[in-house]
Amino acid sequence: MTTVTERLEPDSAGLDRAAALLARGDCVAFPTETVYGLGADARQSRAVAAIFAAKGRPQFNPLIVHVADLAAAEAIAHFDADAHALADAFWPGPLTLVLPLRDGSGISDLVTAGLRTVGIRVPAGEVAQSLLRSFGGPVAAPSANPSGKVSPTTADHVLEGLEGRIAAVLDGGPADVGIESTIIGCFDHPRLLRPGGLPAEAIETALGRPLAHAPTSDSPNAPGQLPSHYAPDAPIRLNATEARPGERLLGFGPDATDAALNLSPSGDLVEAAANLFAYLRRLDAGGSGPIAVSPIPDHGLGRAINDRLTRAAAPRG
């Protein structure tokens with residue numbers, strides 16, 4: 001078990017140190033444009049196992065592989081015409097494609113949870129790109145938080161949950177998008193497996209046709225599909241028009257005048273997505289009562305926000 005977690009600056013020395021730690025099989029948290037990821041060499045099973053150990057993550061839940069560019073992705077997975085169209089339109093960016101795994105890709109079976117598909121993306125953001133190029137290989141990286149808890153959007157959030165359990169965190173400041181990537185399965189017809197930081201409507205426009213729904217399964221075929229996930233310690237009540245006695249209201253829009261915190265007073269879904277996890281953390285740390293959440297429009301990034309809130313509010317096993 002790691003006893004000291006290094007906090008690294010995103011300069012040349014910090015990036016070199018982070019890459020060296022990844023190469024020797026350690027776990028390093030780093031910022032992407034969505035949230036902070038907990039990275040390890042996707043080819044080293046012992047390194048990937050350390051991600052699961054640090055997070056307390058179920059090993060049947062697959063991980064996303066982060067690479068620097070499309071060429072690196074094509075060495076790992078098979079791309080059809082739809083996958084190429086989406087990669088060309090949205091990479092680097094908050095889009096993960098679940099694709100058929102290439103034979104001889106070198107990706108650990110722990111990354112794919114034994115599936116013949118792999119989730120892969122090219123993240124945007126200077127720090128993530130610099131780290132991937134300095135490391136020179138694929139990095140498996142779920143969100144850098146204890147499994148099932150609120151995802152981190154700053155280095156401080158990472159350390160709150162994983163201090164002493166990982167080798168280092170690269171501090172690149174707050175994540176821009178603030179919510180995880182959208183996941184699209186490209187095994188036959190493109191399917192929305194998880195809404196996220198790229199609106200499904202934009203993806204459908206790029207494809208020129210609607211996305212199919214995710215197949216029904218008891219086992220996750222992509223990250224972030226467990227029924228209870230992204231959860232603070234406090235209970236959550238959704239679609240609340242006002243706070244009940246003892247509750248703290250997480251508001252949205254100009255009408256939430258009694259909110260303890262407001263995701264976006266102007267009703268901007270981009271702002272709300274960026275604030276979601278940070279505000280859940282602040283409310284969770286600020287008291288023991290339940291958290292009530294105002295209704296969120298279910299379109300654009302609102303679909304991703306509602307997905308995370310529904311999982312955060314789900315019964316916990």
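In this predicted model, helix α4 (residues 81-90) and helix α8 (residues 200-207) come together with their axes within 10 Å, crossing at roughly 120 degrees. As for handedness, α4 goes past α8 in a right-handed crossing. On the α4 side, the touching residues are Asp82, Leu86, Ala89 and Phe90, and α8 answers with Ala202, Ile203, Ala206 and Leu207. Sorted by class, that makes seven nonpolar residues, one charged and no polar.

Now for the sheets. Eleven strands line up as an open sheet with mixed pairing, and the order reads β1-β8-β2-β3-β7-β4-β6-β5-β9-β10-β11. Its edges are β1 (6-8) and β11 (212-213), each of which pairs on one side only. Further in, β4 (residues 64-66) and β6 (residues 117-121) run parallel and are held by three bridges; histidine 66, for one, has arginine 121 of β6 as its bridge partner. Helix α1 (residues 12-23) packs on this sheet, where it touches β1, β2 (28-31), β3 (36-41), β7 (139-140) and β8 (168-170). The direction of α1 makes about 135 degrees with that of β1.

Strand β13 (residues 248-251) is worth a walk-through. Toward β15 (residues 291-293), β13 makes three bridges, and the two strands run parallel. Arginine 248 sits opposite isoleucine 291 of β15, and leucine 250 sits opposite valine 293 of β15. Toward β14, the pairing of β13 is again parallel, this time over two bridges, with glycine 251 taking asparagine 262 of β14 as its bridge partner.

The residues of β13 also split by direction: Arg248 and Leu250 point one way, while Leu249 and Gly251 point the other. Whichever way they point, all of them are buried, meaning under 20% relative accessible area. That includes Arg248, the residue that stands opposite isoleucine 291.

Note on methods: Residues are numbered from 1 along each chain as its sequence is written. This is a predicted model: local features need pLDDT of at least 70, side-chain atom pairs count only at pLDDT 80 or more; totals for chains, interfaces and linings use all residues. Side-chain values use heavy atoms; hydrogens and water are left out. Axes are lines fitted to C-alpha atoms, for helices over the stretch in contact, and angles run from 0 to 180 degrees between N-to-C directions. Helices (H or I, at least four residues) and strands (E, at least two) are DSSP runs, numbered from the N terminus. A crossing is left-handed if the near helix is turned anticlockwise from the far one by less than a right angle, and right-handed if clockwise. Contact means heavy atoms within 4.5 Å. Ala, Val, Leu, Ile, Met, Phe, Trp, Tyr, Cys and Pro count as nonpolar, Asp, Glu, Lys and Arg as charged, and the others, Gly among them, as polar. Two strands pair if DSSP finds at least two bridges between them. Buried means under 20% relative accessible area, exposed over 50%, partly exposed in between (1.4 Å probe, protein chains only).
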